[in-house]
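The following paragraphs lead the reader through selected features of one structure. Please keep the sequence and the three-dimensional view at hand while reading.

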Amino acid sequence: MAALNEGSGCKIWKGCQALCTYSAGNFVVENSSRAGGSYVIGPEESFRLANDLIDDFAKARLTTMLIHQRGQGVSFPVVTREVIETAKNTRPLPVHERADRLLRFISDKAKLLGMTYDLRRLDPGLYAWSESAVESELGHLLDYALKKGWLEKQPGVGKRIVGSYEIPDIIRVTTEGHSRISELEVNTDSSQAFVAMWFDDSMDEIYDEGIAPAIRRAGYEPYIVGRDDYIGDVTDKIIAEIRRSKFLVADFTHGDSGVRGGVYYEAGFAHGLNKPVIPICKKEKVDNDPRYLHFDTSHMNHILWTDASDLREKLTNRIIAAIGEGPENR
């Protein structure tokens, strides 16, 4: 890539050092520790971020999205307007998931079992991987991990204040912490996407012409219970396939008989495994009844679709923006 003198620095986080070059109309930012690595961003998106048109909490969620895409093999994920809007409208990760990510980061940095990690200088990566926008959030998560017994203070070291929390200068990951990391191991290389939805003839076209092709266009293979042969209990099959999947698409559309309990169960199970859940629903249903979506999910950033074609386009964009292109596209 031909480099132009466009200055250095991360385009998402002010003051963070990174190598920034200009190529083919975009900024190419390499090795931004605060953004968790490298990425590509256009001038318009860079302007919006540089001029504080997006708050730090949305930037933290954007950072999480970029980290996730790099984990899928995308070395330079692209920050588009769609990606930024998704970051603005997505709820923060749950506290326990942010603490898990922080624990993994510290464990990776410590490298060897029993090695210590120095907190006297707060690595920007701690913020990036824990989705922390400010120091008080990072302090809370470090304190959470210490109280859980996943991290421990080293004897004879001092303490420092992180936010409003007193945190040891030097820590290490405990045996309990490593056990926690082992519990969180999931199939991150999976190309499968699990689909949870209402089984009704009226929804066949939505799956066949909307959901399934959108998942395939994004580089993944859809899986829905009932379209293959299996032996044994259906619940066991559902649990096994969700575990095998990279993410879950949950359509909360339902008929007059009420909400589909199975969809909520499957989405909740995936969430408990730290797998992304993309919620969708028929727009007409929500427009006609503001209470149509159950309060457990009404706060989530649903894709509201009008027909199969509309859903196919929106869902493809959401998957690529929030998760990244799958292995079938590489």
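**Salt bridges and a helix**

At a relative accessibility of 33%, aspartate 56 counts as partly exposed. This structure is a predicted model. Aspartate 56 meets lysine 59 in a salt bridge, with a distance of 4.0 Å from N to O. Lysine 59, by contrast, is buried, with a relative accessible area of 2%. Because the two residues stand three apart in helix H2 (residues 56-71), about one helical turn separates lysine 59 from aspartate 56. An α-helix has 3.6 residues a turn, so residues three or four places apart point the same way.

How many salt bridges does the structure hold? The total is 17. A further one is formed by arginine 172 and glutamate 152, whose closest N and O atoms are 2.5 Å apart.

Salt bridges with shared partners join Arg48, Glu85 and Lys88 into one network. Which side of the 20% limit for burial does arginine 48 fall on? Its relative accessible area is 15%, and arginine 48 is therefore buried. Glutamate 85, with a relative accessible area of 28%, is partly exposed.

Attention now turns to helix H8. This helix covers residues 204-217, 14 residues in all. From its first C-alpha to its last, H8 reaches 19 Å, close to the 20 Å expected at 1.5 Å a residue. Which residues of H8 are buried? They are Ile206, Tyr207, Gly210, Ile211, Ala212, Ala214 and Ile215. The buried residues of H8 pack against several strands, namely E10 (192-196), E11 (221-223), E12 (247-251), E13 (277-282) and E14 (303-305), and also against helix H12 (308-322). Following H8 comes glycine 219, whose phi is positive, near 100°.

Technical notes:
Residues are numbered from 1 along each chain as its sequence is written. This is a predicted model: local features need pLDDT of at least 70, side-chain atom pairs count only at pLDDT 80 or more; totals for chains, interfaces and linings use all residues. Side-chain values use heavy atoms; hydrogens and water are left out. Helices (H or I, at least four residues) and strands (E, at least two) are DSSP runs, numbered from the N terminus. The expected span of a helix is 1.5 Å times one less than its number of residues. Buried means under 20% relative accessible area, exposed over 50%, partly exposed in between (1.4 Å probe, protein chains only). Contact means heavy atoms within 4.5 Å. A salt bridge is a side-chain nitrogen of Lys or Arg within 4 Å of a carboxyl oxygen of Asp or Glu.
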